[in-house]
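Q: I would like to learn how to read a protein model, feature by feature. Where do we begin?

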Amino acid sequence: MSQLSIKGLDVHYDQHQVIKNLDLEVQEGEIVALFGPSGSGKSTVLKAVTGLLNHASGSIELAGHTLLSNEKAVPTERRNIGLIFQDYALFPHLTVSENICFGLVKASPLEKQQTVDELLALVKMSEYKDAYPHQLSGGQQQRVAIVRALATKPDLLLFDEAFSNLDPQFRFELIEEMRAILKNKGITALFVTHNQDEAFAFCDRIAVLNHGRIAQIDNPERLFSYPSDRFVAEFLGQGV
Ligand code: ADP
Ligand code: MG
């Protein structure tokens with residue numbers, strides 16, 4: 001069953017149509033990349049899914065709930081989606097555990113403590129519970145940002161260039177670790193990147209965007225072996 005279903009998504013900025021009748025189905029527990037050159041519309045698709053655009057049309061369903069249709073647009077805060085950005089975006093004045101608990105408004109102190117313990121153990125950062133973000137490396141901050149996004153049990157995780165700021169040496173270690181955690185928990189994710197190595201390492205399928213359309217969507221092996229057109233082949237650096 002599709003966890004995320006996007007049908008006929010259109011987005012215009014003034015006269016300029018930047019997303020063109022885009023369809024995308026993401027299965028439960030699947031990690032899918034939105035991969036394409038700068039300006040191809042990757043961030044715009046993410047904004048439409050999170051509800052940050054007031055001029056998107058088409059339909060979007062998540063976990064059986066309609067987020068967008070002709071009749072309605074559910075506000076961002078009522079879409080159960082976790083966001084992870086390039087710049088970590090932790091609250092600097094809160095400790096690691098306070099950051100993780102920030103969205104847990106209804107949880108008891110015991111539930112909060114259990115959530116923090118479980119999530120920090122997953123990323124092997126249990127001893128950093130009381131640390132502040134500035135005391136952590138970039139990779140550690142991004143681990144905290146990711147488990148913070150998991151704390152509220154979102155229906156979908158969205159990553160926008162979330163690993164780009166890290167040194168390559170640490171980046172692929174983190175990608176591998178995060179993929180294992182998401183797979184273990186059966187989390188559905190959309191991952192925006194212009195970096196092919198990241199998309200191939202992190203994702204089950206890759207949607208290649210070209211000027212607001214999906215040129216091809218396939219698993220990494222098939223995409224690489226059977227690019228559907230010249231744009232995809234050239235973008236994957238194979239020439240033709
Ligand atoms: P990507 O994330 O793939 O780099 P974007 O989704 O940011 O691409 O942008 C897609 C297109 O939409 C680009 O042509 C960009 O210039 C345009 N665009 C993005 N945001 C705005 C905006 N707020 N106003 C006008 N045009 C925009
Ligand atoms: Mg972008």
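A: With residue classes. Ala, Val, Leu, Ile, Met, Phe, Trp, Tyr, Cys and Pro count as nonpolar, Asp, Glu, Lys and Arg as charged, and the others, Gly among them, as polar. On that basis, the shell around ligand 1 has two nonpolar, seven polar and one charged residues. Two notes on reading: this is a predicted model, where local features need pLDDT of at least 70 and side-chain atom pairs count only at pLDDT 80 or more, while totals for chains, interfaces and linings use all residues. Residues are numbered from 1 along each chain as its sequence is written, and chains are lettered from A and ligands numbered from 1 in the order in which they are written.

Q: Which residues surround ligand 1?

A: A residue is near a molecule if its C-beta atom, placed from the backbone, lies within 6 Å of it. Here the list is Tyr 13, Val 18, Gly 36, Ser 38, Gly 39, Ser 40, Gly 41, Lys 42, Ser 43 and Thr 44.

Q: Which element gives the largest share of that shell?

A: Elements come from DSSP runs: helices are H or I of at least four residues, strands are E of at least two, and both are numbered from the N terminus. Helix α1 (residues 42–50) gives the largest share, three residues.

Q: What does the UniProt record place at residues 4–236?

A: Its positions are given in the numbering used here, feature names are shortened, and annotations may be inferred rather than shown by experiment. The unreviewed UniProt entry places "domain: ABC transporter" there. Over residues 4–236 the chain is 34% helix and 27% strand. The end C-alpha atoms of that stretch are 26 Å apart.

Q: What is the strand order in the open sheet of four strands?

A: Two strands pair if DSSP finds at least two bridges between them. The order is β2-β1-β4-β5, with antiparallel pairing. β2 (16–27) and β5 (65–68) each have a single partner strand, so one side of each is left without a neighbour in the sheet. For angles, axes are lines fitted to C-alpha atoms, for helices over the stretch in contact, and angles run from 0 to 180 degrees between N-to-C directions. The twist averages 10° from one strand to the next.

Q: How many bridges join β1 and β4?

A: Six, in the antiparallel sense, between β1 (residues 2–13) and β4 (residues 56–62). Within this pair, Asp 10 stands opposite Ser 57 in β4. Helix α1 packs on the sheet, touching β1, β2 and β4. Its direction makes about 65° with that of β2.

Q: What is the strand order in the open sheet of six strands?

A: Read it as β6-β7-β8-β3-β9-β10, with mixed pairing. The edge strands are β6 (81–84) and β10, and each pairs on one side only. In this sheet the twist averages 20° from one strand to the next.

Q: Which way do the neighbours of β3 run, parallel or antiparallel?

A: Parallel, in both cases. Four bridges join β3 (residues 31–35) to β9 (residues 205–210), and five join β3 to β8 (residues 189–193). Ala 33 has Ile 206 in β9 as its bridge partner. Leu 34 has Val 192 in β8.

Q: Why is β3 largely enclosed by the rest of the structure?

A: Count neighbours. A residue is buried if 20 or more other C-beta atoms lie within 10 Å of its own, exposed if 12 or fewer, and partly exposed in between; C-beta atoms are placed from the backbone. Five of the five residues of β3 are buried, so the strand is largely enclosed. Ile 31, Ala 33 and Phe 35 point one way, and Val 32 and Leu 34 the other way.

Q: Is Leu 22 buried or exposed?

A: Buried, because 22 other C-beta atoms lie within 10 Å. Leu 22 is found in strand β2. Contact means C-beta atoms, placed from the backbone, within 7 Å. Not counting residues up to four places away in sequence, Leu 22 touches Ile 6, Leu 9, Val 45, Arg 213 and Ile 214.

Q: Where is Lys 124 found?

A: In the loop between α3 (109–122) and α4 (138–151). Lys 124 has a positive phi of about 55° although it is not a glycine. With 11 C-beta neighbours inside 10 Å, Lys 124 counts as exposed.

Terms used. Contact = placed C-beta atoms within 7 Å.
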